[in-house]
Amino acid sequence: MRTCCDIPHNQRQPFIRDDADGHLIYQIGDILLNRYKILATLGEGTFGRVVKVKDLERNHVMALKIIKNVEKYRDAADLEIGALEKIMLLDPSLEHLCVKMLDWFDYHGHTCIAFEMLGLSVFDFLKDNNYEPYPIEHVRHIAYQLCYAVKFLHESRLTHTDLKPENILFVDSEYTTAAVPRKNRDVRRVNCTDIRLIDFGSATFDDEHHSTIVSTRHYRAPEVILELGWSQPCDVWSIGCIMFELYQGVTLFPTHDNREHLAMMERILGTIPYRMARKTRTKYFRYGKLDWDEKSSTGRYVRDNCKPLHRCVITDKPDHLQLFDLIRKMLEYEPANRITLDKALRHPFFAKLPAHQRLHEKCNDNPAGAGHSSTANSPTANAERERSHSLSR
């Protein structure tokens, strides 16, 4: 680990200051460690900020995550670095589509992690596209890659715990525009659907302490809400929610309250199993049934805004029905009954993928290069479109 003290005193950036929230105060053009020149701010989150920098030593542009000078965020960053180093050890060529960490260092109490430069997250692209759902072919390829990447984590005894559209980045988010008469407006279509998985700050190995609550609200599995303990299947639940969102353009569970979340689950997926209801120590059930007033204002909201999953399919074409069959298998209440990602990759929904995209079939044949299409290293040309390492909603 390098620190700010590794450079001569007279070359250090002067006036190192933090704001009230612990963010590093910087200006465009500042140079960190006499090496990383800040070119632009890419985004901000609870953890800190992500900036675009140029590595003056290697003449290379990258994304630099500057963590707040706050102990709990430094601790999370240390865990992320540990997970990324383990991933690089297990997968040196990074064929399993996890983001590439290029460097890390301490800068006056700010842990800084340098990553390859990527495009927009699938969420930011969706938002900038007026929440126009992705075409089914795009849903297929993005979901397949996500299953492939997370399957590798699970085989490495690691659970990501924070899978969401913000943490799935396009390698290159350049797009073309197509006119859609029924929408009476233009719609963006990303040119290349290659993705990378990011944000390992909450990733947990099997033998590490498991926090009671994990995952961002909309993608949180029922066993987490009910505090029944969790493991890799909670990631599979999150992937099911993400696939629905890519397909529909909206979240499956639009809520911020546990009881309402459980009510939405029951409205969409059916009754929560009695075993789970009886085992939980939370106060959301009475006599094994969800304590929920359907006639209340929130009860009417859930009834009016949620419908059984099978009624959310847009058309009865085989592709769409297969997608919802897979989503349903991912959204099994009982973690032990939830489909594994190994089986998910072999689901009929993914059968239409072209051979060069079927990574689970070729990874043993081409360990050095699987997963990297010819577009994977293409630059994100439009500078004002560049954002990376997306942020929590």
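The second largest cavity of this predicted model is lined by Phe125, Asn129, Glu132, Pro133, Tyr134, Pro135, His138, Arg188, Arg189 and Val190, where a cavity is a set of points on a 1 Å grid over the protein atoms alone at which a 1.4 Å probe fits but cannot get out, and lining residues have an atom within 4 Å of a point. Strand β11 (residues 185–190) gives the most to this lining, with three residues, strands being DSSP runs of E with at least two residues and helices runs of H or I with at least four. By class, five of the lining residues are nonpolar, two polar and three charged. About 40 Å³ of space lies in this second largest cavity, and the structure holds two cavities of 30 Å³ or more, a volume being the space filled by probe spheres set on the points.

From the cavities we turn to the cores. A nonpolar core is a set of buried Ala, Val, Leu, Ile, Met, Phe, Trp, Tyr and Cys residues joined through side-chain atoms within 4.5 Å, and buried means under 20% relative accessible area with a 1.4 Å probe, protein chains only. In the largest such core, which has 100 residues, Phe200 and Met330 touch the most other members. Helix α3 (residues 136–155) gives the most to this core, with twelve residues. A second, separate core of 15 residues includes Tyr36, Val53, Leu64 and Phe105.

Residues are numbered from 1 along each chain as its sequence is written. Local features need pLDDT of at least 70 and side-chain atom pairs count only at pLDDT 80 or more, while totals for chains, interfaces and linings use all residues, and side-chain values use heavy atoms, with hydrogens and water left out.

Conventions:
Buried < 20%, exposed > 50% of the residue type's maximum accessible area, 1.4 Å probe, protein only. 1 Å grid on protein atoms, 1.4 Å probe; cavity = no way out; pocket = protein on both sides within 12 Å on 5 of 7 lines; lining within 4 Å. Nonpolar A, V, L, I, M, F, W, Y, C, P; charged D, E, K, R; others polar.
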